[in-house]
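Reader: I have a model open and want to learn how to read it. Where do I start?

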Amino acid sequence: MVFGVIAYIFYTYGALNMSGGSGWATGFGGRVFNGLQRWLYYPTEPNFYATGGIVFGLLFSTLLMFMRARFFWWPFHPIGFVVSSDWGMRYLWSCMLVSSIIKWGVLKIGGPRASQQLVMFAIGLMLGDFTVGGIWSLVSVVTQQPMYNFWP
């Protein structure tokens with residue numbers, strides 16, 4: 001839905017007019033299509049090291065997923081492996097550390113039933129955060145004033 005709104009705004013007002021001189025509006029599509037054009041016009045040899053890394057990541061994630069499904073006590077989640085190399089980890093590492101410590105403590109003290117209740121509480125916290133952040137974003141759009149930014 002968001003991409004549909006962005007496409008509508010770009011076609012109505014022009015993508016170059018939306019960027020404010022920074023280039024963010026055309027950067028998303030330009031990055032993808034420039035990469036495709038480069039591959040089509042200047043083909044390169046296969047990169048076996050990158051392919052090996054992808055295969056290793058797939059096998060390692062599959063192993064983590066299998067261990068997580070098979071053993072309740074297994075502490076590592078495949079999402080942690082995937083997210084750890086992403087830009088978001090720069091912002092989320094402390095949240096993941098605190099949540100892991102809390103989960104470990106609840107499992108040790110309260111057991112699996114308390115852990116399930118903690119999951120429901122955590123989902124409620126996330127929904128509340130995004131709801132309040134969305135409301136502030138709407139207020140910002142309506143008043144045309146910068147407001148609270150709930151994402152770093």
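Author: We go from confidence to fold, then to single residues. This is a predicted model.

Reader: What is the mean pLDDT of the protein?

Author: Where pLDDT is low, the predicted coordinates should not be read in detail. Here the mean is 83. Of the residues, 90% reach 70 or more.

Reader: Which element has the lowest mean pLDDT, and which the highest?

Author: Helix α2, residues 15-18, is lowest at 70. Helix α4 is highest, with a mean of 92.

Reader: Next, the fold. How many helices and strands does the protein have?

Author: Count the elements, then read their order. There are 6 helices and 0 strands. Along the sequence the pattern runs α-α-α-α-α-α.

Reader: How does the radius of gyration read against that of a compact globule?

Author: Set the value beside the one for a globule of this length. For 152 residues, a compact globule would come out near 15 Å. This protein has 22 Å. The C-alpha trace spans about 55 × 55 × 25 Å along its principal axes.

Reader: What share of the residues is buried?

Author: Buried residues make up 10% of the 152. The accessible surface is about 13,100 Å². Carbon and sulfur atoms account for 72% of that surface.

Reader: And among contacts between residues at least 6 apart in sequence, what share joins residues at least 24 apart?

Author: The share is 14%.

Reader: Now one residue. Is Ser61 buried or exposed?

Author: Compare its relative accessibility with the cut-off. Buried means under 20%. Ser61 has 17%, so Ser61 counts as buried. Ser61 lies in helix α4, residues 48-70.

Reader: Which residues does Ser61 contact, leaving aside neighbours within four places in sequence?

Author: Ser61 touches Pro78, Phe81 and Val82.

Reader: Last, the aromatics. How many aromatic pairs does the structure hold?

Author: It holds 4. One of them is Phe71 with Trp73. Their ring centres are 5.4 Å apart, with 35° between the planes.

Reader: Why is that pair called tilted?

Author: Look at the angle between the planes. Under 30 degrees counts as stacked and over 60 as edge-to-face; the rest are tilted. The planes of Phe71 and Trp73 are 35° apart, so the pair is tilted.

Reader: Which residues form the aromatic cluster?

Author: Phe71, Trp73, Trp74 and Phe76 form one cluster.

Key
Residues numbered from 1 in each chain as written. Predicted model: local features only at pLDDT ≥ 70, side-chain atom pairs only at ≥ 80, totals over all residues. Heavy atoms only, no water. Phe/Tyr/Trp six-rings, centres within 6.5 Å; stacked < 30°, edge-to-face > 60°. Helix = DSSP H or I, 4+ residues; strand = E, 2+ residues; numbered from the N terminus. Buried < 20%, exposed > 50% of the residue type's maximum accessible area, 1.4 Å probe, protein only. Contact = heavy atoms within 4.5 Å. Rg over C-alpha atoms; globule rule 2.2 N^0.38 Å. Areas by Shrake-Rupley, 256 points an atom, 1.4 Å probe, with all protein chains shown as cover. pLDDT = per-residue confidence, 0-100.
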